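Me: Hey, can you walk me through this one? I'm new to reading structures.
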Amino acid sequence: MNITAILVAAVVVGGVGILIGFFLGISGEKFKVEVDEREEAILGVLPGNNCGGCGYAGCSGLAAAIAKGEAPVNACPVGGEPVGKKIAEIMGVEAEASERMVAFVACQGDCDKAGKDYDYYGIEDCRMMSFVPGGGPKSCNSGCLGFGTCVKVCPFDAIHVIDGVAVVDKEACKACGKCIAVCPKKLISLIPYDAKVAVACSSTDKGPVTMKACKVGCIGCGICVRNCPSQAVSVSEFHAAIDQEKCTGCGACAEKCPKKAIVGVE
């Protein structure tokens, strides 16, 4: 074995390694991406659910947006006000007061209260009902289908189907909005956590049609409007709506509603 050849090979290999290391070091410095320290700190404060409720693909996207000033410090619906305050400290700004919101399903048409036109056997996905006659087996075309598409997408186990209708656990809900996005009937919306009453119906059919389809459907009679002392209730297209900013939570609308379509949500 030629010792000289071995030594030469070792020197060559070592030299090439040094050159490659030197090149990579220079390249790393030249092309490195500067990371805002605030972005990393914000990411460490965010809950890490990556639910998308903030409008960004995940927590890292939101952290980058906040650090750049493109999103408010309280943009995370899951973290709420406590996380917003921590991020505000990192950004050196004052956090604006934010109101906790929760999802609410505007339907009470369970198996006892809502009529049924036929028995459905097939894929249990609410979004598939657009291909089914009448938009689903329930007589009310605006009602909850009860197949739990919203349940499947909720990352917090905050919504469940009970007796054919989706019901939200307001304590578990983080207002990420995923259930709202997938509901084909657009029954789910965000209301203040502190709301006292809400209209648990989304039908805009005329009274006789609604009464035939569901025992607790809003018929747009206007009794709630006439009995609200704060003028927080209005009726449009045979459907009552509550302005939560005006509502004082007196409960007069729910008490006087002949169909019990307005319910307490405490």
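Predicted model: local features only at pLDDT ≥ 70, side-chain atom pairs only at ≥ 80, totals over all residues.

Me: Ok, so what does Thr210 touch?
Reply: Leaving out residues up to four places away in sequence, Thr210 touches Ser203, Asp205, Gly217, Cys218 and Ile219.

Me: And where does Thr210 sit? Is it buried or exposed?
Reply: Thr210 is part of helix 7, which covers residues 207-213. Thr210 is buried, with a relative accessible area of 4%.

Me: Switching topic: how do helix 2 and helix 4 pack?
Reply: Two packed helices are described by the angle between their axes and the distance between the axes. For helix 2 (residues 37-45) and helix 4 (residues 80-91), the angle is about 165° and the axes are 10 Å apart. That makes the two helices roughly antiparallel, since an angle over 145 degrees counts that way. The crossing of helix 2 with helix 4 is right-handed.

Me: Which residues meet there?
Reply: From helix 2 you have Arg38, Ala41, Ile42 and Val45. They meet Val83, Lys86, Ile87, Ile90 and Met91 of helix 4. Sorted by type, the contact has 7 nonpolar residues, 2 charged ones and no polar ones.

Me: What about helix 3, is it enclosed or open?
Reply: Helix 3 (residues 59-67) is largely enclosed by the rest of the structure, because 7 of its 9 residues are buried. Those are Cys59, Leu62, Ala63, Ala64, Ala65, Ile66 and Ala67.

Me: What do those buried residues pack against?
Reply: The buried residues of helix 3 pack against helix 2 and helix 4. Just after helix 3 comes Gly69, which takes a positive phi of about 80°.

Me: New topic, how many disulfides are there?
Reply: The structure holds 0 disulfides. Take Cys54, which is in no disulfide: the nearest cysteine sulfur belongs to Cys51 and is 6.4 Å away. Cys54 is partly exposed, with a relative accessible area of 22%.

Me: Is Cys183 buried or exposed?
Reply: Cys183 is buried, because its relative accessible area is 11% and the cut-off for buried is under 20%.

How values were computed. Residues numbered from 1 in each chain as written. Heavy atoms only, no water. Axes fitted to C-alpha atoms, helices over the stretch in contact; angles between N-to-C directions. Helix = DSSP H or I, 4+ residues; strand = E, 2+ residues; numbered from the N terminus. Parallel < 35°, antiparallel > 145°, perpendicular 65-115°, else oblique. Left-handed = near helix turned anticlockwise from the far one by under 90°. Contact = heavy atoms within 4.5 Å. Nonpolar A, V, L, I, M, F, W, Y, C, P; charged D, E, K, R; others polar. Disulfide = S-S within 2.5 Å. Buried < 20%, exposed > 50% of the residue type's maximum accessible area, 1.4 Å probe, protein only.
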